[in-house]
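Hi,

Here is the structure I promised to pass on. Have a look at it first, and my notes follow below.

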Amino acid sequence: MDTILVTGALGQIGSELVPTLRTRYEDVEVVASDIEPDPDVSGPYEAVDVTDRAQLEAIIEEYDVDTVFHLAALLSAAGEQNPDRAFNVNVGGLHNVLEVGREYKLDRIVVPSSIAVYGPATPDNPSERTIRSPTTMYGITKVLAENLGAYYHKKYNLDVRGIRLPGIVSHKTRPNGGTTDYAVDAFYEAVWEGEYTYFIREDTRLPMVYMSDAIDALITLAEAEESDLQYQCEYNISALSFTAKELSKRIEERVDEFQARYEPDERQSIADSWPSTLDDTAARSDWGWSAEYDLDKMVDEMVHSLRQRAERALS
Ligand code: AKB
C-alpha cells in the first residue's frame, strides 16, 4: 500500500478514518476527497464527485492510488428524500470506482455496506446469507453494491471488501441523512440543550457500533489476507444493540437535567425494517473482529468529549 484515496472523506466516518490512516501508515500518502471544493482540512485533499468517472480517474492517475476506501454515499433517510440521487451516487459512484479500479489494477477497494440490506422479511440476528429484502432505496443500493463487489472480484479478480455497518456513534462529525442519527443527536442535544426529541419510538432497538471500533473493523478487514475471506462486502459486525430508552437512561445517569421525548416520524418505518442484532461469527473467525466498546464505555466517552467541546466553545 503506497497511496490511499478516501472518498466521502468529510463525512462521519471519513473525518475520523483519514487521520487514523495517516497516523497508522506514516509512509503511505492518504488523499482525502469529497464533493466540497474548498474545505478547511489538513493534508492532501481533492474535490471529487464520484458520479463523474473522469474526475475520479484523474485523481487516481495523478496520485498513483493503489487502495481506495470508498465512503461517498447518501444514507437511508436522505435516500428516501431523493431516491434518484441516492441511486446515482451509491450505485453510479461505486460503479465508477470499480471500473477505474479495474482499469488501473488497484490493489484493494474497501466499500462499506449497511444493515440496511436487510428488510422486514429478514429474521432477527441474521448472518451474511440470510435473506436481504430492503425496502429503502439506500438498502437496495447497498445490495447492489455488495453484488457488484462480488461480481468484480469474480470476473476481474479485483480485491473488493466491506462490512455491513450498523449505526455509528461518534463525537467528531455529526452524521447526516441516516436513520440511526438519533443515537448521535441525543448526545449533542443532551450536552448542549439538556433535552432531545427522538424521531423514533422509545422501544426502537437497533445495532450500533462506536466509531473507534468501526474504524478498527474497516482497517483490520482491509489488512486481512485475501485467502482468509469467505465474503467480499457482506461481513456483519456486531457490537452494541440498545433501545432509544436504554440510551436515554444511560445519558440521564451522566447528564442530570436530560429530558427525552419521542415523536416518531417517517424514519420509524425504516428503523422497524432493520434487524436489532446481527450474527457476526464470520467476521470474528475470518479476520478477528471484536468490539472494544460496550454501552457504558461509549456513553462515558461521548458525554465526556462533548462536554469538553462545549466548555471550550463557551470559554
Ligand atoms: C443509516 O441510518 O442510514 C446508516 C446505516 C445504518 O447504514 N447509519
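In this predicted model, a polar side-chain atom of Ser-114 sits 2.7 Å from an oxygen atom of the ligand. The backbone gets involved as well: a polar backbone atom of Thr-179 is 2.7 Å from a ligand oxygen. On its own the ligand has 260 Å² of accessible area, and the protein covers 93% of that. If you want to click through the surroundings, pick Leu-75, Ser-76, Ser-114, Ile-115, Tyr-138, Gly-178, Thr-179, Thr-180 and Trp-274.

Then there is Glu-223, which belongs to helix H7 (residues 211-223). Which residues does Glu-223 contact, leaving aside its neighbours within four places in sequence? They are Arg-24, Tyr-25, Arg-108 and Arg-161. With Arg-24 there is a side-chain to side-chain polar contact of 3.1 Å. Arg-108 is 115 residues away from Glu-223 in sequence, yet their C-alpha atoms are 9.7 Å apart. Glu-223 counts as partly exposed because its relative accessibility is 39%, which falls between the 20% and 50% cut-offs.

Cheers

Terms used:
Residues numbered from 1 in each chain as written. Predicted model: local features only at pLDDT ≥ 70, side-chain atom pairs only at ≥ 80, totals over all residues. Heavy atoms only, no water. Near = heavy atom within 4 Å. Polar contact = N/O pair within 3.5 Å; in protein donor to acceptor, adjacent residues only side chain to side chain. Areas by Shrake-Rupley, 256 points an atom, 1.4 Å probe, with all protein chains shown as cover. Helix = DSSP H or I, 4+ residues; strand = E, 2+ residues; numbered from the N terminus. Buried < 20%, exposed > 50% of the residue type's maximum accessible area, 1.4 Å probe, protein only. Contact = heavy atoms within 4.5 Å.
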